[in-house]
Amino acid sequence: MSNTNTFQQNLSQLFKDKKSQIHDILVYVLDNTGKISESELENYKSLLQNDSELCQILDLLVNKYSSSIKTKEEMVKYIIRRAFKFIKNKIKKEKNLDSKTACKEICDLYFNVNREDLEKQGVNCDDEDEFFNALLPFRKNSKNRTMNNDFLADLFSSEAFRNDYDAFLNHLDETLVQDNKRKIEKYVEYIEKLTKKNRTKDLEQYKRIPWLKSWNDKTRIIAADLVKNSLDKKSFAKKNKKLCKEEAIGSADRDDKSLSTAGSE
């Protein structure tokens with residue numbers, strides 16, 4: 001029995017070491033994709049030559065991330081969703097509200113809809129992801145970017161939202177780190193399970209991958225510029241609308257003068 005226990009402990013230790021190695025490889029890929037040369041990658045890979053499976057994991061991860069992109073719209077969607085989650089928790093804490101009442105207050109403050117209407121549409125408002133999916137206009141591969149820009153312009157025209165958003169920005173770095181930490185842990189666990197089943201190649205099928213460091217860096221820049229850019233677009237739209245209206249009035253006046261002149265002749 002003791003020999004069996006020893007074998008199981010050694011086996012457990014082996015996979016624990018493997019899990020740590022998988023974690024290190026994933027973090028290396030996240031930190032360095034797009035930043036290092038082919039020779040630098042080969043130098044890192046040479047450190048893994050004693051384990052062909054780890055080399056395969058590295059190659060698969062490099063291939064997966066080399067073919068993956070994050071669009072600006074996906075980053076904006078992430079920022080706004082996280083901002084509203086921050087605001088929801090802030091409302092709950094400051095006003096000592098439950099989740100349901102905090103969601104209702106967000107609907108009243110920032111959206112032309114109420115919680116009851118969402119629930120009638122079949123939205124489970126107690127599911128945070130489903131709740132925000134129903135409220136936010138962003139959609140993956142959306143062709144209608146104008147609606148998203150209009151939504152952001154209206155949102156940032158609210159002084160209350162801008163104040164809450166400024167507070168959120170102070171926590172964005174921590175949010176990005178913690179979100180990625182959770183995703184890394186889940187992905188490592190997924191890859192580890194695949195290695196035990198000799199299905200390592202399937203790691204490329206995983207959808208909710210951790211973000212590259214370069215994606216997070218770009219997200220920080222976009223988040224910092226979002227207020228100004230959104231308000232600038234709203235101001236431009238107003239000026240453009242006013243200009244079009246003035247041109248339409250001027251055109252109508254010219255037409256009237258032309259008709260008046262023709263009548264007098």
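Asparagine 198 is exposed because its relative accessible area is 68%, where exposed means over 50%, buried under 20% and partly exposed in between (1.4 Å probe, protein chains only). Its place is in the loop between helix 10 and helix 11, and its phi is near 55°, a positive value in a residue other than glycine. Before going further, please note that this is a predicted model, in which local features need pLDDT of at least 70, side-chain atom pairs count only at pLDDT 80 or more, and totals for chains, interfaces and linings use all residues. Residues are numbered from 1 along each chain as its sequence is written, and side-chain values use heavy atoms, with hydrogens and water left out.

Asparagine 96 sits in the loop between helix 4 (72-95) and helix 5, and it is exposed, with a relative accessible area of 71%.

**The overall fold**

The protein has 11 helices and zero strands; helices (H or I, at least four residues) and strands (E, at least two) are DSSP runs, numbered from the N terminus. Of its 265 residues, 35% count as buried. The protein exposes about 16800 Å², and carbon and sulfur atoms supply 48% of that area, as given by the Shrake-Rupley method with a 1.4 Å probe, where for residues only the protein chains shown count as cover. Taking contacts (heavy atoms within 4.5 Å) between residues at least 6 apart in sequence, 68% join residues at least 24 apart.

In helix 2 (residues 38-46), the buried residues are Leu41, Tyr44 and Lys45. They lie on the same side of helix 2 because they cover an arc of only 100° around the axis, the arc being that of the directions from the helix axis to the C-beta atoms. An α-helix has 3.6 residues a turn, so residues three or four places apart point the same way.

Helix 5 (residues 99-110) has 12 residues and reaches 17 Å from its first C-alpha to its last, close to the 16 Å expected at 1.5 Å a residue; the expected span is 1.5 Å times one less than the number of residues. Its buried residues are Ala102, Cys103, Glu105, Ile106, Cys107 and Tyr110. Cysteine 103 counts as buried because its relative accessibility is 0%, and cysteine 107 counts as buried at 0% too. With a disulfide taken as a pair of cysteine sulfur atoms within 2.5 Å, the count comes to zero disulfides.

Aspartate 202 lies in the loop between helix 10 (172-196) and helix 11. Not counting residues up to four places away in sequence, aspartate 202 touches Tyr190 and Leu194. Aspartate 217 lies in helix 11 (residues 213-264), and serine 20 lies in helix 1 (residues 2-32). The C-alpha atoms of serine 20 and glutamate 192, 172 residues apart along the chain, are separated by 9.7 Å.
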